[in-house]
Amino acid sequence: FKPVEAAWKAQQQFTADASHELKTPLTVILANMQILASHPQDTIASQSQWIESTQTEGESMRQMINDMLDLARPEAMRAPVLLSDVDLTDLLEGDALQFESVAFERGIELEMDIQPDVHVQGDAMRLHRLTSTLIDNACKYANDNGSVQVQLRADNREVRLTVHNTGTVIAPEDLPRVFDRFYRADKARTRDSGSYGLGLAIARDVAREHGGDITVASVEADGTTFTVELPRKTV
């Protein structure tokens with residue numbers, strides 16, 4: 001009965017965590033609506049602050065619910081991975097353009113060291129979720145004026161993607177749990193950054209769906225590095 005008990009406890013914890021995470025945006029939305037209702041004579045333009053805040057929280061809730069459904073769905077019920085030739089080099093170069101402005105705003109140096117013509121067999125949308133999650137996470141937690149390095153290397157059999165950032169490291173006791181659903185070592189800062197502790201859990205799922213895995217190392221002298229290993233597409 002131990003596996004059943006462990007699964008039941010995990011489900012209870014997932015439900016409790018999800019309920020807790022949903023309470024905060026709902027509280028903000030209800031407060032915003034109360035403010036709007038108390039000033040019925042005001043124009044939409046004059047109340048744009050509360051309207052925009054409500055929209056932001058609503059979009060965050062939608063993303064979180066989609067992520068929760070993705071993670072909660074048993075593997076047998078998930079949509080099959082749509083396998084096709086994916087140019088991982090091209091995908092990562094697109095991510096670099098996406099995050100350049102984010103890094104620039106914080107004075108973070110974003111370095112891309114991408115081997116050309118690296119292909120894998122997989123689902124392009126799911127792989128994009130994996131790569132963008134890791135780069136976004138690195139940019140969020142890099143120290144101001146620090147750096148984020150993204151490296152892609154491949155040999156005849158394996159593709160290795162590493163995403164490294166300087167800044168505050170992950171405590172040793174937190175490392176084994178960083179891929180757990182809703183787990184956040186720094187809850188206040190993670191909430192401020194708009195993350196709900198689901199991205200890394202999904203990233204690990206994506207890596208494993210594609211026959212690979214993801215690991216993390218974090219030491220004071222070097223910073224934090226996430227490493228993804230995937231099988232390379234064979235011709």
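Predicted model: local features only at pLDDT ≥ 70, side-chain atom pairs only at ≥ 80, totals over all residues.
I started with Ser 132 and found it in helix α4, which covers residues 124-141. Helices here are DSSP runs of H or I with at least four residues, strands are runs of E with at least two, and both are numbered from the N terminus.

Residues are numbered from 1 along each chain as its sequence is written, and side-chain values use heavy atoms, with hydrogens and water left out.

Is Ser 132 buried or exposed? Ser 132 is buried, because its relative accessible area is 11% and buried means under 20% (exposed is over 50%, partly exposed in between; 1.4 Å probe, protein chains only).

I then checked what Ser 132 meets. Its side chain gets to the backbone oxygen of Arg 129 at 3.4 Å. Skipping residues up to four places away in sequence, Ser 132 touches Asp 95 and Phe 99; contact means heavy atoms within 4.5 Å.

Next I looked up Thr 225, which sits in strand β7, residues 223-231. Thr 225 counts as buried too, at 17% relative accessibility. Between Thr 225 and Thr 162 I found 63 residues in sequence but 6.5 Å in space, C-alpha to C-alpha. Leaving out neighbours within four places in sequence, the contacts of Thr 225 include Thr 162, Val 163 and Ala 217.

Last, I took in the whole chain. I noted six helices and seven strands, and buried residues make up 38% of the 235 residues.

How values were computed:
Polar contact = N/O pair within 3.5 Å; in protein donor to acceptor, adjacent residues only side chain to side chain.
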